[in-house]
Amino acid sequence: QVHLVESGGGEVQPGGSLRLSCAASGINFRLYDMSWYRQAPGKQRELVARISGEGTTDYADFVKDRFTISRDNVRWTVSLKMDTLNPEDTAIYFCNTMHRGNSYWGRGTRVTVSA
């Protein structure tokens, strides 16, 4: 059973930073792409960043040069370092992976950016 658990969310002021983490189990972690998505109030879920098993990264335009995705293939974790946060980054952030044709999601961690 694939299991993803996010942590690290919270409230931060504009311009601040947070680091999110996602712990995975139930898959051969190093073989699979891992992604972070987010869903703001009243909006659709959107892709934030993705990292392949080999470490190739891809980012949404709205987070380039501010967010950094990384993975630890020993600890089976994927992280999202978020810098220069602004109120538009307020959302629930979800960890995701595709495994054998199925999409798996964590329960999410809430990020609030406000003065």
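Which residues form a disulfide? Select C22 and C95: they are the pair, with sulfur atoms 2.1 Å apart. Keep in mind that this is a predicted model. Look along the S-S bond of C22 and C95: the torsion is about -85°, so the disulfide is left-handed. Now colour by strand. C22 sits in β3 (residues 18-25) and C95 in β9 (residues 91-99), so the bond ties together parts that are 73 residues apart in sequence. Both C22 and C95 are buried.

Next, the core. Select M34, W36, V78, L80, M82 and Y93: of the 30 residues in the largest nonpolar core, these touch the most other members. Strands supplying at least two residues each include β4 (34-39), β7 (67-72) and β8 (77-82). The largest share, four residues, comes from β3.

Zoom in on V78 and show what surrounds it. Skipping neighbours within four places in sequence, V78 is in contact with residues including C22 and C95, the disulfide pair. Also among its contacts are L20, F29, M34, W36, I51 and I69.

Last stop: A49, in strand β5. Is A49 buried or exposed? Its relative accessibility is 0%, so A49 counts as buried. Show its contacts, again leaving out residues up to four places away in sequence, and you'll find M34, S35, W36, D58, Y59, I69 and L80. To finish, draw a distance from A49 to M82: their C-alpha atoms are separated by 11 Å, and the two are 33 residues apart along the chain.

Notes. Residues numbered from 1 in each chain as written. Predicted model: local features only at pLDDT ≥ 70, side-chain atom pairs only at ≥ 80, totals over all residues. Heavy atoms only, no water. Disulfide = S-S within 2.5 Å. Buried < 20%, exposed > 50% of the residue type's maximum accessible area, 1.4 Å probe, protein only. Core = buried A, V, L, I, M, F, W, Y, C linked by side-chain atoms within 4.5 Å. Contact = heavy atoms within 4.5 Å.
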